Amino acid sequence: MTAAPALIPLDQIDPQWIEDLLDRAFEPGRQQRTAYKVREGMDWLPGLSFAALDADEHLVGTIQCWPVALTDPEGKAHPMIMVGPVAVLPEAQGLGYGQALMTASLAALSPNAPLPQVMIGDPEYYGRFWGFTNAYTSGWSLPGPFEQRRLLVRCNEPSVLPREGMLGPWRG
């Protein structure tokens, strides 16, 4: 990729094309992953979800963001945005599409209501480029197996984050 990728709102893409891309980007059985349980029953957020097109205008990548909440031990739900999956076709990985999708999605967040963003990912990569960290998530749980070090959060004011809780769909 030599030029910046063309990014368009994900809701302009045929839903079947999105599913086909996710199937190619991730192994079969992706729907069994814990991240799917965290956002179960929710629709992705159109204003924060994008598609990347190559120079021939073929779909090569997507990012979806979801409404989730961390429910603390007292039962209070703390709304957050779950970032991901970030999916790029295998033959287009390493060309900057994923980085462009992440940057666009995070830039689309409203500075007037900056909800914490949470994701499951590589802390070295997502921390270096976008400030995600696992420093505040050690007491958090998910509805399935996960690597604690890969549960990441990005927040302007980390003091508002609950120390403990279960991450799941935001039923607000």
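**Starting at G121**

I looked up G121 and found that G121 touches Y126, R150 and L152, leaving out residues up to four places away in sequence; contact here means heavy atoms within 4.5 Å. The model is predicted, so I keep in mind that local features need pLDDT of at least 70 and side-chain atom pairs count only at pLDDT 80 or more, while totals for chains, interfaces and linings use all residues. Numbering runs from 1 along each chain as its sequence is written, and side-chain values use heavy atoms, with hydrogens and water left out.

G121 sits in the loop between β5 (117-120) and α4. I take helices (H or I, at least four residues) and strands (E, at least two) as DSSP runs, numbered from the N terminus. Buried or exposed? G121 counts as buried because its relative accessibility is 2%; the cut-offs are under 20% relative accessible area for buried, over 50% for exposed and partly exposed in between, with a 1.4 Å probe and protein chains only. I also checked E147, which is 26 residues from G121 in sequence and 9.3 Å away, C-alpha to C-alpha.

**Y126 and the cores**

Beyond its neighbours within four places in sequence, Y126 contacts V86, M102, M119, G121, G131, F132 and L152.

Which residues touch the most other members of the largest nonpolar core? They are V83, M102, Y126 and F132, in a core of 34 residues. I noted the elements that give two or more residues to this core: α1 (15-25), β2 (50-53), β3 (59-71), β4 (77-88), α3 (97-107) and α4 (123-130). A second, separate core has 15 residues, including V38, M42, L70 and L151. A nonpolar core is a set of buried Ala, Val, Leu, Ile, Met, Phe, Trp, Tyr and Cys residues joined through side-chain atoms within 4.5 Å.

**D72**

I found D72 in the loop between β3 and β4. D72 is buried but has no salt bridge, and K76, the nearest side chain of opposite charge, is 6.0 Å away. A salt bridge needs a side-chain nitrogen of Lys or Arg within 4 Å of a carboxyl oxygen of Asp or Glu; Lys and Arg count as positive, Asp and Glu as negative, with His and the chain ends not counted. Not counting residues up to four places away in sequence, D72 touches H78, P162, E164 and G165.

**Whole chain**

Zooming out, I get four helices and eight strands. Buried residues are 44% of the 172 in the chain.
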